[in-house]
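Subject: The structure I promised you

Hi,

Have a look at it first, then read on.

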Amino acid sequence: MVYVFLADGFEEIEALTPVDLLRRAGADVETVSIYPGRKTVTGARGIEVNADITIDGAGIDKAEILVLPGGMPGTVNLLECKTLMDMVDTQNAKGKRIAAICAAPARILGAKGMLEGRRATCYPGMEDMLSGATPVIETVVTDGNITTSRGLGTAVDFACELITLLLGKERSDEIRASVVA
């Protein structure tokens, strides 16, 4: 299962492009509101999304990848959700996959010290927040169990990298070709 976490102020393209492309590829994906009892989450551009489940229904044991979209104040709201941060810590401790795009690599993974000794990328200008990482200017970087990406313009590449990690390069290439990316 891939969980894509939504908090008020999330960047819609960074969250929904991976959901769309992963589902096209046949992956099990659920959008997760970080608000117990509230499925409707409002993105940074005012688009309301009804999440599949709320965080109290997300089982960390079945999570293959935790996806953290960027956007402001969405990234800050994700970071302030203790339940989610506990899930991220557990996922990382088990060496299981975590993916973050835009501000999330810096503001969440960097702040938590999870990028120490890794290559990582993020939204331009936030590289100094990638604590302990070697910042690189690439659209997507996977180093160990962590995948990072730069922003909404790299959302298709980010999604295709996640497809590669879950279902293989051939399936990722098929999906990329089918959406004319």
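Below is what I found, going from the whole chain down to single residues.

Before anything else, keep in mind that this is a predicted model.

**The whole chain**

The protein chain has 6 helices and 11 strands. Its radius of gyration is 15 Å, close to the 16 Å that the globule rule gives for 181 residues, so the chain is as compact as a globular protein of that length. If you draw a box around the C-alpha atoms along the principal axes, you get roughly 40 × 35 × 35 Å. Of the 181 residues, 51% count as buried. There is also a lot to see if you follow the chain and ask who touches whom: take the contacts between residues at least 6 apart in sequence, and 62% of them join residues at least 24 apart.

**Helix 5 and its two partners**

Now find helix 5, residues 155–167. Helix 1 (residues 12–25) packs against helix 5 at an angle of about 40°, and their axes are 9 Å apart. How do the two helices lie to each other? An angle between 35 and 65 degrees falls in the oblique class, and helix 1 and helix 5 are therefore oblique to each other. Their crossing is right-handed. On the helix 1 side, the contact is made by Ile13, Glu14, Thr17, Pro18, Leu21, Leu22 and Ala25. Helix 5 brings Ala155, Val156, Phe158, Ala159, Cys160, Leu162, Ile163, Leu166 and Leu167. Sort the residues of this contact by type and you get 14 nonpolar, 1 polar and 1 charged.

Helix 5 also meets helix 6 (residues 169–178), where the axes come within 7 Å and cross at roughly 145°. This crossing is right-handed too. Here helix 5 uses Val156, Asp157, Cys160, Ile163, Thr164 and Leu167, while helix 6 uses Lys169, Arg171, Ser172, Ile175 and Arg176. This time the residues of the contact divide into 5 nonpolar, 2 polar and 4 charged.

Thr147 sits in strand 11, residues 146–149. Is Thr147 buried or exposed? The cut-off for buried is under 20% relative accessible area, and Thr147 has 1% relative accessibility, so Thr147 counts as buried. Leaving aside neighbours within four places in sequence, the contacts of Thr147 include Phe158 and Leu162, two residues that also belong to the contact of helix 5 with helix 1. Others among them are Ile98, Ala99, Ala100, Val140, Val141 and Thr142.

Most residues other than glycine have a negative phi, and most peptide bonds are trans. Two places in this chain go the other way:

- The peptide bond from Met72 to Pro73 is cis, with omega near 5°. Pro73 is in the loop between strand 6 (65–68) and helix 2 (74–79).
- Cys102 is not a glycine, yet has a positive phi of about 70°. You will find Cys102 in the loop between strand 7 (97–101) and helix 4 (104–110). With 11% relative accessibility, Cys102 counts as buried.

Start with Met1, in the segment before strand 1 (2–6). Met1 is buried, with a relative accessible area of 15%. What does Met1 touch, leaving aside its neighbours within four places in sequence? The answer is Asp28, Val29, Glu30, Lys62, Ala63, Glu64 and Ile65. For a sense of distance, the C-alpha atoms of Met1 and Arg107 are separated by 24 Å.

Phe10 is in the loop between strand 1 and helix 1. At 1% relative accessibility, Phe10 counts as buried. Beyond the neighbours within four places in sequence, Phe10 is in contact with several residues, including Val41, Thr42, Val49, Gly70 and Gly71. Phe10 and Ile101 are 91 residues apart in sequence, but 11 Å apart in space, C-alpha to C-alpha.

Met126 counts as buried at 11% relative accessibility. Leaving aside neighbours within four places in sequence, Met126 is in contact with Ala103, Ala106 and Arg107. Met126 and Ala104 are 22 residues apart in sequence and 10.0 Å apart in space, C-alpha to C-alpha.

Cheers

Note on methods:
Residues are numbered from 1 along each chain as its sequence is written. This is a predicted model: local features need pLDDT of at least 70, side-chain atom pairs count only at pLDDT 80 or more; totals for chains, interfaces and linings use all residues. Side-chain values use heavy atoms; hydrogens and water are left out. Axes are lines fitted to C-alpha atoms, for helices over the stretch in contact, and angles run from 0 to 180 degrees between N-to-C directions. Helices (H or I, at least four residues) and strands (E, at least two) are DSSP runs, numbered from the N terminus. Angles under 35 degrees count as roughly parallel, over 145 as roughly antiparallel, 65 to 115 as roughly perpendicular and the rest as oblique. A crossing is left-handed if the near helix is turned anticlockwise from the far one by less than a right angle, and right-handed if clockwise. Contact means heavy atoms within 4.5 Å. Ala, Val, Leu, Ile, Met, Phe, Trp, Tyr, Cys and Pro count as nonpolar, Asp, Glu, Lys and Arg as charged, and the others, Gly among them, as polar. The radius of gyration is taken over C-alpha atoms; the globule rule is 2.2 Å times the number of residues to the power 0.38. Buried means under 20% relative accessible area, exposed over 50%, partly exposed in between (1.4 Å probe, protein chains only).
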